[in-house]
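Hi everyone, thanks for coming. Let me put the model up on the screen, and then we'll walk through it together.

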Amino acid sequence: MNVIETRNLTKYYGHFIWKKKEPALNRLTIEIPEGSVFGFLGPNGAGKTTTIRLLMDLIKPSEGEALLFGEPPDNLDIKRHIGFLPDNPVFSSYLSAYEFLDICAKLLRIPSSERKNRINEVSEIVKMTKHLKSKLGGFSRGMTQRIGIAQAILNRPKLLILDEPLVGLDPHGRQELKDIILEQKRNGTNVFFSSHILSDVEKMCDRISILYQGNLLCFGKLDDLLSQTGSRVHIKHGEDEIIKDLIPEATGTMRHSDGSWELVFQSKPETTLRLNEIKELHPKSITITPSRENLEDFFFRKIENAQAIA
Amino acid sequence: MAIAGGTWRRILRMRVVYFLILCVLILIGSAYNYDILSMGMHKQLMIDVSLVLNTIAAILIAVSITFEIPKELKEGVASTLLSKPLGRTQYLVGKLVGIIVTGIVITGLITLGFMFVFNAAFGEVTSSMVKGHVLIMASVIPMSAIAVLFSVFIPEFLAATATVVAIWFAHATSSMSGVKFLYGGILPDLNLYNLRAEAVYGGISSGYILVALVWGIVFSVFATALASLIFSYKDLK
């Protein structure tokens, strides 16, 4: 079963009289199977938060549909199995952390006999036990984020949806939160989160998608997406003819301090054939290795391509 | 009930609420000193002042929700709550129940305080006085429902203003008897709860209180249903 499924999910903001012409989300269709840590990427304004709000039934779609575990997002029974952390969370400032978690536990129908223990358990996980009696209004951004995670995992959710969970945390806090997310995955929780911190996404996620201006640019397993990138060719110093020959087709070039060159080529059959021919002619001058872009390079390349088309 | 409990806690933690109750009781008590100014009618004056001040307190409590709901919607507090198995109607009903219970408790405390002060001043408390105050307590129900309705689609200060204006119109039904559409069901007739003369001189039956209470509940159900319909289409932060 897919934990999240969207079919042509579209959202136009604005009122029925003056609706914006460009959709914030344009016909998004994705399927996320069980057992995934899914990274949802995109620049500011791409539609990530809009997608998450549609999944949580906080806003209504203009067209299309979203399904969580095969059910529409407004199904209250399904929400018992979902944990959600909004972007830049704000909680009732007049409540203490314990009172707020208690309210969340009641809403999640956690039996009263288990509530106190579970609150203590999650506060221990997020290292906020000594602040349970403090008012939320006095919390720093990092402390609020930790309480946000605590309320999201109170019900041992089957699906955790996190909107920019790592923003606002110091490096130590980010590492702790990443550990929490990976621990949740080990416990069988599916995780769906949006982030700008690509290095963290690359380490934690097995599937990603990239949005740009409401449109889906790519979607799939991280290993499959990054392995499609091409070849990296190292050319020794002095082989100017080879370099002149290959540079026009290279997507990236770098000259090292020793005079050698490194050229990057996209994965195309004709390019691969040509490189192999040159390699046969000059076996000692060039070295070809399959290149796997890092996520950051892949991300920026996708965005630049999308900007060029737009 | 979890949502109602949150509203209850919020108001009880506001020091201004206790200050309000204290000021009201002091003002009620001070009416005892106006025997000369009121030509010996200070007993009736005290009852009248207590009813007016209790009504004002009830209005202030009801209006306070117009700051809570829009703020929670604007800041995203409501989004976290609504991500739980909590329907939007349940959220509104929880807020409404919370403010009604809090309003009834606070006006009830004022009523008790008034009875204590009045008894200390004149050595008696009549049932008509108490019934007058019970009607004020019951008026919290429809006033809170109006406040919740406006909170759902208007920002805080405008919602508070609109609620106060609506409550004022709803109290003015006798002077606006020609404008039937206003109190033909859209606005409650809050004059039903405003029986100051009867509270002073007698004549409020228990049956009347029951009918006024039921009418207030029916109106609240209508206003909350309308609020829920509007809220169901609202995009949340």
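So, here's one to start with: how many Å apart do the C-alpha centres of domain 1 and domain 2 of chain A lie? They lie 44 Å apart. Domain 1 of chain A covers 2-225 and domain 2 covers 230-291, with the bounds coming from an automatic or database domain assignment.

Quick housekeeping. This is a predicted model, where local features need pLDDT of at least 70, side-chain atom pairs count only at pLDDT 80 or more, and totals for chains, interfaces and linings use all residues. Residues are numbered from 1 along each chain as its sequence is written, while chains are lettered from A and ligands numbered from 1 in the order in which they are written.

Okay, chain A. Have a look at the open sheet: three strands in the order 2-1-4, with antiparallel pairing. Helices (H or I, at least four residues) and strands (E, at least two) are DSSP runs, numbered from the N terminus, and two strands pair if DSSP finds at least two bridges between them. Strand 2 (25-33) and strand 4 (63-68) of chain A are the edge strands, each with a single partner strand, so one side of each has no neighbour in the sheet. From one strand to the next, the twist averages 10°; axes are lines fitted to C-alpha atoms, for helices over the stretch in contact, and angles run from 0 to 180 degrees between N-to-C directions.

Now zoom in on strand 1 (residues 2-11) of chain A, which pairs with strand 2 of chain A in the antiparallel sense over six bridges. Contact here has C-beta atoms, placed from the backbone, within 7 Å.

Over to chain B, which has 10 helices and zero strands. Of its 237 residues, 44% are buried, that is, with 20 or more other C-beta atoms within 10 Å of their own, placed from the backbone.

Last stop: where the chains meet. Here 24 residues of chain A are in contact with 20 residues of chain B. On the chain A side, helix 2 (76-79) and helix 3 (97-107) each supply at least two residues. Helix 3 of chain A gives the most, with five residues.

Conventions. Buried ≥ 20, exposed ≤ 12 C-beta atoms within 10 Å, placed from the backbone. Contact = placed C-beta atoms within 7 Å.
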